[in-house]
Amino acid sequence: MIEVRFFATLRSGRGKITEVSADEVSTAGDILRRFEIPEEEVHILLINGFHSRPEAAVKDGDIVSLFPPVGGG
Amino acid sequence: MSDAYYEKIARINLSTGEIKAEPLNLELAKKFIGGRGLGTKILYDEGVATVDPLSPENKLVFITGPMTGSNSPSSGRYMVVTKSPLTGMIACANSGGIWGAKLKFAGWDALIVEGVASDWSYLYIEDDRIEILDAREYVGVLSEKFDDLLKAKHGPECSVLNIGPAGEKQVLLSCVMNDKDRAAGRSGTGAVMGSKKLKAIVVKATRKQLDVIADVEALKEANRKCLEIMKANPLTGEGLRALGTASLVNVINGIGALPTRNWQESYCPTADQFSGETLAEKYLVKPGACYHCPIACGRVIKHDDKIVGGPEYEPLWAYGSDCGNDDLYTIDEANRLCNEYGLDAIGVPCTIAAAMELYQNGCIREEDCAGVPLEWGSKEALIEWTRRMGDPQTELDWLMSSGSARLCGHYGHPEFSMSVKKQEIPAYDARAIQGIGINYATANCGAAHVRGYTIAPEVVGIPVQLDRTVTDEKAVWAKTFQDLTAVIDSMGNCLFTSFALGAPEYTALLNAATGTDYTPEQVLEIGERIFNIERMFNKAAGMKPEDDRLPKRLLEEPISNGPSKGMVSQLPLTLPQYYEARGWVNAFPTDETLKRLGLDECVGK
Ligand code: SF4
């Protein structure tokens, strides 16, 4: 399974955390489409804590974290 | 006068009671802009670098920039510049709210406070008039009540800057508060004010806007462009308003750079419980904004039955994972106490975290703790020790309130103090994010995130996404961010505008307001000049090359858990690169660099 974590405004209607079977998706972009999240709404995409892009491959056991525009100091 | 300055500085000597209006040296103002730059230049020239920070010889400069109070975005900022009793080096603490704008509206570019009053006093400023008034009845009064009392006395339209009990007692982690919950937070500026027996500065102004702008139409146009860019930018347009800086808790934890239990770990499994998301869900009433700020990153929260300023990212982290705590209500309460007592809401919780590690190792014993053991995550400890540090009585209270470097040094474990130049390091693990460590090590005011915020490119992807784990080009990024930040701090705008704006936009604002015709390159060079004069202040104050360092833990102890497990800071590699980019040798500018920057007065020093 792949763990998907949603943050900030991306949580609304989706909850905080869910799982997706690794057989059903091959890239992070597939996960975005699956949850109907337009790419431009995702400002930070982490795979296992490292910045990645929608075209990056995902595999069983990965943790994918999705953030809208957030930041500060 | 039409250059965005009122060309007037008040010099107030509390020992003699003399108050003088002095003309602003315009040539210097153009060379150092104002705010942080001009404030440091004044103190450097007046020989403050070598004085005892808590003696009458130290001077306190409250200084606006040319943009403070203007219609440019987020323009309510001012700086408190002095010699820090915490670091022994330059202190330049920045704050928002509306106080700075009011000082400018009253017609003053800056106040220079000297000497020490014979008894507790406060300054009352109403336009041209400045009076030294009796503050004896207010000693010990907490910030919020003090603000109410002074507004009741002088009218609701005045704005109040004050110290709390911590500053009165010259606690080294004390800060200067204004407008109840805004803080010039770091480097112990409150203690300097306390050493002068100056409780507050109240300002009332007839003017409601600046009437000294060089080219009003050009400024309008420059503003319009800035606002357009800020609105279109995902962070300044909506991100910061929605969740404030607190939204970073989950991001920084997500990459494994959220220091936990005094940096023994860097990932906190329960971080969501004190995140911006949870804060918004449980306590947020509305976003809050400083003067003329479209970003509105502030948090107005409901706490018990009160509406108060809520915690930003830094105290959320510091009272949260850094102290092994995930209870948001406790963080809100501790943060509120910091505001009430006038305490640095980064330095205080980070020192508690260091004390908890000392306790964990048996250096501080249960019987030393007067009934409140310093156990990881103890809610009672966070609240009670904050209170004790705000109004210290026992020897341990005093040690704690002097910051982690002195505390850990006392117990023979300096390695537990996560500080640089005796100032506690903010909330981003420099082992997991290589550029920010360069900034921590070299910031002239001691460890700071707001002097060169490379987190923007390294984590948030602004203006471009860099790989946080590599060192390539990070030295140059750190230098450029430091120089641009010095410009923004000196202009009087909020650093957060720089998520959207760059050197060309700041240059356009500055030129329109002051009538200069700088290029962006020249403006960045002014920033570099400011950074270098700060460094020369520090050199005169006795700074040594080894003060540009990071704690051993960041260099030698790999991160123990989470996504960044195994990483250490590569500072030994990047620091020489940074010095080279700056034209420095052994931590200080060469004479050639000083001459290039027009700092001839520092050559040979
Ligand atoms: S961005 Fe935040 S800190 Fe900066 S001026 Fe606006 S409200 Fe104040």
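**Stop 1: a buried helix in chain B.** This is a predicted model. Select Ala503(B), Tyr506(B), Thr507(B), Leu509(B), Leu510(B), Asn511(B), Ala512(B), Ala513(B) and Thr514(B): these are the buried residues of H20(B). Now widen the selection to the whole helix, residues 503–514 of chain B. Nine of its 12 residues are buried, so H20(B) is largely enclosed by the rest of the structure.

What do the buried residues of H20(B) pack against? Show helix H1 (26–32), helix H7 (216–232), helix H19 (474–491) and helix H21 (520–540) of chain B, and you have the answer.

Next, check the length of H20(B). Step just past the helix to Gly515(B), where phi is positive, at about 80 degrees.

**Stop 2: a neighbouring selection, H19(B).** H19(B) is one of the helices that the buried residues of H20(B) pack against. H19(B) has 18 residues. From first C-alpha to last it reaches 26 Å, close to the 26 Å expected at 1.5 Å a residue. Colour by burial: 15 of the 18 residues are buried, leaving H19(B) mostly covered. Gly492(B) follows the helix, and its phi is positive too, near 105 degrees.

**Stop 3: a loop residue.** Select Ser569(B). It sits in the loop between helix H22 (552–556) and helix H23 (571–582) of chain B. Is Ser569(B) buried or exposed? It is buried, with a relative accessible area of 4%. Leaving aside residues up to four places away in sequence, Ser569(B) touches Ala430(B), Arg431(B), Gln434(B), Leu550(B), Leu554(B) and Leu555(B).

**Stop 4: the domains of chain B.** Colour three ranges. The domain assignment gives domain 1 (8–204), domain 2 (259–417) and domain 3 (424–602). The C-alpha centres of domain 1 and domain 2 of chain B lie 26 Å apart. Where these two domains meet, 35 residues of domain 1 are in contact with 32 residues of domain 2.

**Stop 5: the ligand.** Which residues are around the ligand? Select Ser74(B), Arg77(B), Arg182(B), Gly288(B), Ala289(B), Cys290(B), Cys293(B), Ile295(B), Ala296(B), Cys297(B), Cys494(B) and Phe496(B). Eight of the shell residues are nonpolar, two are polar and two are charged. Domain 1 and domain 2 of chain B each give at least three residues to this shell.

Stop 6: Select residues 8–13 and 18–23 of chain B, strands E1 and E2. The two run antiparallel, joined by six bridges. Pick Ile9(B): its bridge partner in E2(B) is Glu22(B). Four residues separate the strands of this hairpin, and in the turn Gly17(B) has a positive phi of about 80 degrees.

**Stop 7: the sheet of chain A.** Five strands of chain A form an open sheet, ordered E2-E1-E5-E3-E4, with mixed pairing. Its edges are strand E2 (17–20) and strand E4 (50–51), each pairing on one side only. Now select residues 2–6 and 63–67 of chain A: strands E1 and E5 pair in the parallel sense over four bridges. Finish on Val4(A), whose bridge partner in E5(A) is Val64(A).

How values were computed. Residues are numbered from 1 along each chain as its sequence is written. Chains are lettered from A and ligands numbered from 1 in the order in which they are written. This is a predicted model: local features need pLDDT of at least 70, side-chain atom pairs count only at pLDDT 80 or more; totals for chains, interfaces and linings use all residues. Side-chain values use heavy atoms; hydrogens and water are left out. A residue is near a molecule or strand if one of its heavy atoms lies within 4 Å of it. Ala, Val, Leu, Ile, Met, Phe, Trp, Tyr, Cys and Pro count as nonpolar, Asp, Glu, Lys and Arg as charged, and the others, Gly among them, as polar. Domain bounds come from an automatic or database domain assignment. The expected span of a helix is 1.5 Å times one less than its number of residues. Buried means under 20% relative accessible area, exposed over 50%, partly exposed in between (1.4 Å probe, protein chains only). Contact means heavy atoms within 4.5 Å. Two strands pair if DSSP finds at least two bridges between them.
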